[in-house]
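Morning, everyone. I want to talk about pockets today. Have a look at this one with me.

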Amino acid sequence: MKWKKEGQVFKVNASNPDIISHASNPLAIHLKEDIFRIFFSARNKDNKSSISFIDLDIIKKHILHVSEKTLIKFGGDNSFYSHGISIGNIYRGKENQDFILFMGWQIRGNNHWRGDIGRLELINKDNMKMSPESAFLVCDEEDTVSLSYPFVIFHNGIYKMWYGSTVDWSSENGEMIHVIKYATSKDGNKWEKHGIAIPYEIGVAQAFSKPSVIINEEGYHMWYSYRSGNGEKYRIGYSFSKDGIKWGRKHHLTGIDISASGWDSEMICYPFVFNHKEETYMLYNGNSHGKDGFGLAILQK
């Protein structure tokens, strides 16, 4: 597997005080022909994230429109997304609604940040609303600490979700243990959790985030961010599964790494992988968790 980098396709430059930096967690939704709407999580001066978008010709790599508006803003002080919204992917609900799950950030007092999962309804590919207003998934006996970045797909008659869960804020090397878990649902509302999907290993791969899954005739392919715990910043990893349940980590096959210089020379993270026509594309962030924008890569055949 080898990805060909097409460079940084969007650099943040907005007058809206809610979106003065970052274009993290890019999510592509097809509009027409070769044009995609790319939603992303942007930040204000206090690092609180809200949602905005651009329209991009994916073939020409030409930006057709940059939105100056905030679609969904971080919540009030007591909300589960008081410190920001980090979006996952889009999927179709039972009543033909388009939903986007997200990680809601919150910090209370001097405590560590934590996350719950919320749900947005996307209306006409242009507007968003909370659905419901409260958190969609919260910590429980299976996930006791914090939740993050969900990815949902409807396949073989059921909804399948891969999501992040914190096991411990710190391990023997000082890095957190944050894993990707698996859950299923018949209706997209009530979820049965099945535990850890991607095996973690202290000092090798122990802090995962932002899964992105494609299913084809070979099986299930997943890309995600991960940190090894040896001091390196985020890299993009790859795992494969025949059934979506038992996965093998295959980071040697990822086929994309940091560049020698420039916007993605220190970190690559938050991949979103999608197909268009005969190609497979990856949107991803670079240094400082996407502070400057996001880039594009194409899977080589």
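Start with β18 (269–276). This strand gives the second largest pocket the largest share of its lining, four residues. Strands here are DSSP runs (E, at least two residues), numbered from the N terminus. A pocket, on a 1 Å grid over the protein atoms alone, is an open set of points where a 1.4 Å probe fits, with protein on both sides within 12 Å along at least five of seven lines; lining residues have an atom within 4 Å of a point.

A word on the source. This is a predicted model: local features need pLDDT of at least 70, side-chain atom pairs count only at pLDDT 80 or more, and totals for chains, interfaces and linings use all residues. Residues are numbered from 1 along each chain as its sequence is written, and side-chain values use heavy atoms, without hydrogens and water.

Back to that second largest pocket. It holds about 380 Å³, counted as the space filled by probe spheres set on the points, which are joined across faces, edges and corners. Of its 18 lining residues, Ala28, Ile90, Phe272, Val273 and Phe274 are the closest to the centre. By class, the lining has 13 nonpolar, three polar and two charged residues. Nonpolar means Ala, Val, Leu, Ile, Met, Phe, Trp, Tyr, Cys and Pro; charged means Asp, Glu, Lys and Arg; the others, Gly among them, are polar.

Now the largest pocket, at about 540 Å³. It has 25 lining residues, with Arg43, Trp105, Trp113, Tyr149 and Tyr270 the closest to its centre. Here β14 supplies the largest share, three residues. The classes: 10 nonpolar, 11 polar and four charged.
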